[in-house]
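Dear colleague,

Here is the structure I promised to hand over, and below it you will find what turned up when I went through it.

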Amino acid sequence: MSDVQEYPEVFQEVRGALNPGRLKLQSNSVTFKNIKTGKVDQYQSTDIEAVHWLKRARGNCLKMLLNNGTIHRYDGFKEMEFERLASFVSKYYNSELEKVDIAMKGWNWGQADFVANALNFKIDNHLAFEIPLGNVSHSTNTKNEVTLEFHQNDDAAVSLTELRFHIPTDPNTEVDTVAEFYEKVLAKADIIQATGDAVVTFTEVQCLTPRGRYDIKLYPTFLQLHGKTFDYKVPYTTVLRLFLLPHKDSRQMFFVVSLDPPIKQGQTRYHFLILLFNKEDEMTVELGMTEEELKEKYDGKLNPEMHGLEYEVVSKIFKAITQRKITVPGSFEGQQGTRCVSCSYKAATGLLYPLERGFIFVHKPPLHIRFDEINCVNFARGSGNTRSFDFEIETLSSSVYHFVGIEKDEYGKLFDFVSSKKLRVKNIDKNKSGKGANAGTGAMSGSDEEGGDHDAYLERMKAEGKQRQDDDEDDDTDSSDESFNPGESGSEVAEEYDSNPPTTDSEDSDEESDSEPSEAKKARKEQKQKEKAEKNEKKKAKEKKRSKSAKTVSEGGKRKSKKKSKREKGQPKRPQSSYFLWLNENREKIKEDNPGISITEVSKKAGELWKKVSDKTKWEKLAEEAKKDYVKAMEQWNNREISEGGSDEGEGKDSSPKKSKKSNSSPSKKANDSRAGSGVAYKSKEFISSSDSSGEDKPKKKKLRKDGSESEKELPSEPDEATPNTSEDSGHSGKSGSESGSD
């Protein structure tokens, strides 16, 4: 058997509340660390007097009774763990793990037995319930009754405020049973009474929380704050930590006392007591105890008279009386040599101190965040100001603290500090930033074992998103639908008054000899049209890619919302990922397990459950099959679109000659009206006709080029093309008409 046993899911009962923590049983000691406050309770195994095992409503309870009368209770043990605990206790703690029977009768009368600092109420010699007398805040007695009042705990779901015991008189004895019961309660109750003289008194101390000037009186078991309006009594058992922090101006010092449970004033809770001192002020105080008493009780750490700087004297006395260590800033040093950075939290300015094991913000509201409860940190861009940045801390309980307005010069120092403490930075790769907070430290010192693990689920979702984006681009490039662009058409009419108009396909076709067969001519034209269509498609694809990558800014300053590409009727839908296939099957089950859950909470809960799924092969296989079916369906869809696009092009070829015939009449008239006889008129007439125009112009061009007897000057005097005069012209027109018809 190992000499160490750990139980990570154990609860400690503190004033009616069950605080989660980690229990560690060693051969020579017992250690419990409170997850909420980080407080560590430790006692030696030689101090253990008895160990009991009790039944609870949920699970079992392990009760440790010490020699000094203190009782520690730990809940959350399972029945199967009894044997292992019993053998461990008997081997190392020189005691037996005793099972305590619980009374099952619902009687309200029985016997009261005082054991250590607890009151056990028994029925037929069986324990019915027990009351920790340390939770009693006040007690009163009457003729036959004793009333107990209890400390209230904000963390407890249900609190017991008062309990009354009726004690009947016994005529056979002369002892006053009511008075005896009352005295036993007062002997163990946690009742704060300012009896006797204070150890030391500090007058007119400036406090930031609670605000004002108070006289601080330190008694052996508690401290008292006496102000003009309110008085507070704070037991030393509620003091968690002490901090001594230098102000950024190097002229003042903060002395911070962390409290749990906090000071209460109405509905206000003060978790921190913050005192402010000037660095140069000195003081001399006299303690109300002799040198022998101080040496015996505080091991010579205090003197009957103490002199020095105010903050040094106060911190030294607090440390000795409360028996708590003082935390000071560690290795961090800001840009200006200070131990803190200026920032704001919830619209209140303050100072953020990076410590060796956490962060503390002073002063309104004061915050203390330990490294072992931090999930990750984030450096964010400041809103509206380029000279500052924001620092965000996210805890394991999903609480986020935003510290804004930190100067940009502090970024490098703060980032180096976070990296040195191995805290996970949210906007940096997890594998590069260490495994959680305090990686490498022990579990009982507050480690975050799961903080920096590689998130395979996140990587898979990123890959699926990237693949889906690639599919979108492929769909865009394969699309056969194109918008009409007049400037890209090769058969458009050239401008009449261009000085150097571009050449058209009609010249190339006219320069060919009439001896070329009509089928070869037709095939040549089809080949040219295909080449142009391919060029246009490539050009449009490039323009689409440029438009996607380019950043456009609207004139009004508002960003245009990105419109979703509309899916055509009958187009296959994209396949679902493995996560969504799993979610569709388990959605109803999640709603049944969490009644009343909202839609957003369903998605959040589903993401958490999906991360915990160990075997995802079933859903990944279904996703792969769906993707294969989608690829095949898209191929069939694209082939259908290509075939439809080809038929549309054929119809366009047949309709183009008709359009060109209609457009020939008006430009020819304009050309005939200009009878200047210059070469400009000849060029405009030649280039006005389209590539698919009727053959009426073709014999004239051929005649002009073959017959050298006719000159260019005779062209303006020729009659209109629509009414040829000579039979030769009409013959040529008939021939060309037949060719154009065949085309």
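Glu79, at 37% relative accessibility, counts as partly exposed (buried means under 20% relative accessible area, exposed over 50% and partly exposed in between, with a 1.4 Å probe and protein chains only). Please bear in mind that this is a predicted model, in which local features need pLDDT of at least 70 and side-chain atom pairs count only at pLDDT 80 or more, while totals for chains, interfaces and linings use all residues. Residues are numbered from 1 along each chain as its sequence is written, and side-chain values use heavy atoms, with hydrogens and water left out.

The side chain of Glu79 meets that of Lys99 in a salt bridge, at 3.8 Å from N to O (a side-chain nitrogen of Lys or Arg within 4 Å of a carboxyl oxygen of Asp or Glu). Glu79 lies in the loop between strand 7 (71-77) and helix 1 (82-92), and Lys99 in strand 8 (residues 97-100), so the pair ties together parts 20 residues apart in sequence; helices (H or I, at least four residues) and strands (E, at least two) are DSSP runs, numbered from the N terminus. Lys99 is likewise partly exposed, with a relative accessible area of 46%.

The whole structure holds 17 salt bridges. In one of them Lys63 pairs with Glu130, the closest N and O atoms being 3.2 Å apart, and here Lys63 is buried at 5% relative accessible area, as is Glu130 at 16%.

With kind regards
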